[in-house]
Amino acid sequence: MTIESQLVFDPYSEEFFANPHAIYRRLRTEAPVYYHEELDFYALTRYEDVAAAYRDFQTYSSAGGLDLAMMRSGEPPPPAILYMDPPEHGRMRGLVNKAFTPRAIEAQRETIVEVVRQCLNNVDPHRFDVVGEFTAVFPAEVITSMVGVPAEHRQQFREFVEEALRYQPGQSAPSETTVTMLLNAAAYCYSLVQERRVQPRDDMISTLISAEVEREIGGTTSLADDEITLFAMLVGGAGTETVTKLVANAVAVFGQHPDEWRKLHDDRTKIPAAVDEVMRYDSPVLYTLRQTVKDVSLHGITIPAGKPVLLCGVAANRDPDVFTDPDVFDIDRNHARTQQHLALGYGVHSCLGAALGRMETAIALDHLLDFMPRYEVLWEDCERVNASTVAGWSKLPVTVG
């Protein structure tokens, strides 16, 4: 076997950032339970295995951390919902769910439409950067407004998050810049909590301040300031980054499939299905991390207890055992007749803002269809995102014609 043909999955490599699907395709076939000896992690890529691991929180725990660097540090992760297992996870999630009820999400529709229109009114109608001038701007306005960030600080918060998630190829641990940006975001959210304790408003932070939660040791208490701060950072950060990258991924994918874009332009009723197909075909979340609580045997391989396991939802979403012609982008794909794609998580850790993200993406596509019924992506000027767990575009210039 030559070096070139050896299967190496390095989640921090430039090769992976540039084309994760090629590597995931080989992993599904050749190593459905992959082990990286140097980085000491396992990876699951087949749909059945990833979905089962999402459901089995008693075997695959979220309590180890968000990424490999956090898990290897030996330090317990912060007390955030992302790093909790049931039953504590359910109690905390119930508090934030109040901000994402169907009524609360529908109440954001007019705001989303207004912000999307405003962004498009500000760009050059002939050529613009879809990310820098559109997809990086409007989701931050929407979600941080719900959290409680004043208008004049929303884009600054978004920049904190962008810088905190930025990695360079080969970088496997947070840089000094990452740590600084996370501290800046935490300090800002903490200051907002102090302000809302004095002067509550109609926002998520104020709701969390007044809430009480059942504790594992018994009884109920209010949330501490650091717990509310972490909620605000998580919701604001995740809600900004995922929609930013999802809508940009949609523009890139449709740029490669102009016939599908014309089909969508002629029939807007296809937009919800198109959003789901973009999520399945090119989700921005490359993988999520779990830690084994006990030994688990799968495909003849035993994963020992205490090991990091990457649940590769992007790979699972193109599993040919589940999705017909999985590498084909088809907005007429009948998602009701297949398994649920895993772009929004699965089980207890399914995405809190899934409905909001779908609505934001659908509204953005609807307005882009009017703004640029025909367009071309300037691929030579595009730049991909390098980050620890997400994929997408940092620059995506298009010409409109």
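The protein chain in this predicted model exposes about 18,000 Å², and carbon and sulfur atoms supply 50% of that area. Of its 401 residues, 53% are buried, and its secondary structure comes to 17 helices and 14 strands. The radius of gyration is 21 Å, close to the 21 Å that the globule rule gives for 401 residues, so the chain is as compact as a globular protein of that length.

**Overall dimensions and contacts**

- Along its principal axes, the C-alpha trace of the protein chain spans about 65 × 60 × 40 Å.
- When contacts between residues at least 6 apart in sequence are considered, 69% of them join residues that are at least 24 apart.

**Helix α11**

- Helix α11 covers residues 176-198, and because each of its 23 residues is taken at 1.5 Å, the helix should span 33 Å, which agrees with the 34 Å between its end C-alpha atoms.
- The buried residues in α11 are Thr178, Met181, Ala185, Tyr188, Cys189, Leu192, Val193 and Arg196.
- An α-helix has 3.6 residues a turn, so residues three or four places apart point the same way.
- The partners against which the buried residues of α11 pack are α10 (154-165), α12 (204-210) and α13 (225-256).

Methods:
Residues numbered from 1 in each chain as written. Predicted model: local features only at pLDDT ≥ 70, side-chain atom pairs only at ≥ 80, totals over all residues. Heavy atoms only, no water. Helix = DSSP H or I, 4+ residues; strand = E, 2+ residues; numbered from the N terminus. Rg over C-alpha atoms; globule rule 2.2 N^0.38 Å. Buried < 20%, exposed > 50% of the residue type's maximum accessible area, 1.4 Å probe, protein only. Contact = heavy atoms within 4.5 Å. Areas by Shrake-Rupley, 256 points an atom, 1.4 Å probe, with all protein chains shown as cover. Expected span 1.5 Å × (residues − 1).
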